[in-house]
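Me: I would like to go through this structure with you. Could you begin with a helix and then move on to the backbone, the core and the buried charged residues?

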Amino acid sequence: MPNLHDIQRRINSVNSTKQITRTMEMVSAAKIRRATERVAAATPYSDSMAEMLANVAVSGGTLDNPLLQEHEDVKNVLAIAVVSDRGLAGGFNSNVLREVEKKIRANQAEGIRTHVVACGKKAISYFSFRGIELDMVFKDLSADPTFEEAAAIATKAIEGYKAGEYDRVVLVYNHAKNAAEQTLQIETILPINPKDLAKDEDFSAAAVAGVDGGATDEVVNGDVDFEPSAEDVLGSLLPAYVRTMIYHALVDSAAGEQGARRNAMKSATDNANEMVETLERYYNRVRQGAITTEINEIVGGAAALEE
């Protein structure tokens with residue numbers, strides 16, 4: 001049975017840990033606002049880019065761009081895993097990493113090779129430990145991603161897709177649904193599906209009709225002239241669209257990371273409080289038992305002297 005000193009020492013240890021988790025919770029809560037503002041600032045540009053591409057697809061008629069063409073035989077897939085550089089964020093990292101590993105095994109069973117781009121130290125260590133070769137790695141940028149990081153990933157994906165090195169490019173990350181909840185997102189960014197270029201269903205349907213069967217007059221009225229050509233305009237916009245999608249995923253994941261860490265640290269702080277309460281009750285019981293034992297010994301000694 002532990003003595004009072006051991007119990008008190010454990011209470012002090014839990015209190016020290018609670019101070020750390022509480023501080024990390026407050027820091028993450030402060031960072032959530034800035035990360036959310038970055039997502040809010042990037043979203044309108046991403047949506048406008050999608051609408052612009054859909055507009056060009058509709059007005060330009062049948063366009064033959066390699067980024068829009070699906071490869072008949074899928075033999076190589078590029079998976080972009082976006083996680084954090086640090087832990088203590090609950091299941092934020094493990095959800096993405098396990099999903100990517102699951103896809104690697106499923107593709108391997110079908111004779112498909114999976115290439116991996118790791119964004120975040122946790123992804124680098126996870127795949128390296130399992131002997132999975134990485135095509136590109138990025139670290140120390142998860143909490144504050146840059147557009148240069150997104151551009152480098154997009155260039156790798158686009159050039160590889162055009163050259164036939166990759167037959168599909170998949171992006172796996174955590175979407176910050178709100179400050180307290182994150183959802184796993186799996187998006188195919190190459191080939192680009194015209195249906196995904198605009199969120200509006202009617203506009204998307206018109207875009208698909210324009211790409212597959214020629215231009216329509218339902219969305220854009222009048223003649224539209226492209227300089228030098230619609231193909232060249234689309235050829236410039238599609239890579240920008242891919243870069244925008246990747247950058248939006250990076251900032252979205254950064255916001256989700258702070259929310260997940262705050263939730264994890266809040267849970268740890270609450271658990272520490274409960275543990276301290278339990279230990280303090282136990283400490284009081286042991287102390288009361290020790291006092292009762294001492295009183296009994298004194299009474300017994302006094303009775304022995306009287307006899």
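**Helix H2 and its surroundings**

Reply: Helix H2 has 18 residues and spans 27 Å from its first C-alpha to its last, close to the 26 Å expected at 1.5 Å a residue. The expected span is 1.5 Å times one less than the number of residues. Helices (H or I, at least four residues) and strands (E, at least two) are DSSP runs, numbered from the N terminus.

Me: What should I know about the model itself?

Reply: This is a predicted model, in which local features need pLDDT of at least 70 and side-chain atom pairs count only at pLDDT 80 or more, while totals for chains, interfaces and linings use all residues. Residues are numbered from 1 along each chain as its sequence is written, and side-chain values use heavy atoms, with hydrogens and water left out.

Me: Which residues of H2 are buried?

Reply: They are Phe92, Asn93, Val96, Leu97, Glu99, Val100, Glu101, Ile104 and Asn107. Buried means under 20% relative accessible area, exposed over 50%, and partly exposed in between (1.4 Å probe, protein chains only). Just after H2, glycine 111 takes a positive phi of about 80°.

Me: Which residues have a positive phi although they are not glycines?

Reply: Leucine 88 has a phi of about 55°, and aspartate 140 has one of about 65°. Most residues other than glycine have a negative phi, and most peptide bonds are trans.

Me: Where are these two, and are they buried or exposed?

Reply: Leucine 88 is in the loop between strand E1 (76–82) and helix H2 (92–109), and is exposed at a relative accessible area of 54%. Aspartate 140 is in the loop between strand E3 (134–138) and helix H4 (147–163); its relative accessibility is 53%, so it counts as exposed.

Me: Where is the cis peptide bond?

Reply: The cis bond joins leucine 190 and proline 191, with omega about 0°. Proline 191 belongs to the loop between strand E5 (182–190) and helix H5 (201–213).

Me: Turning to the core, which residues touch the most other members?

Reply: In the largest nonpolar core, of 42 residues, these are Ile80, Ile189, Leu190 and Ile246. A nonpolar core is a set of buried Ala, Val, Leu, Ile, Met, Phe, Trp, Tyr and Cys residues joined through side-chain atoms within 4.5 Å.

Me: Which element gives the most to this core?

Reply: Helix H6 does, with 13 residues.

Me: What does isoleucine 80 touch?

Reply: Leaving out residues up to four places away in sequence, isoleucine 80 touches Val117, Cys119, Ile153, Val169, Val170, Leu171, Val172, Ile189 and Ile246. Contact means heavy atoms within 4.5 Å. Apart from this core lies another, of 20 residues, among them Ala79, Leu97, Val100 and Ile132.

Me: What about glutamate 257, buried or exposed?

Reply: Glutamate 257, also placed in helix H6, is buried at 2% relative accessible area. Not counting residues up to four places away in sequence, glutamate 257 touches Ser84, Phe92, Ser142 and Ala143.
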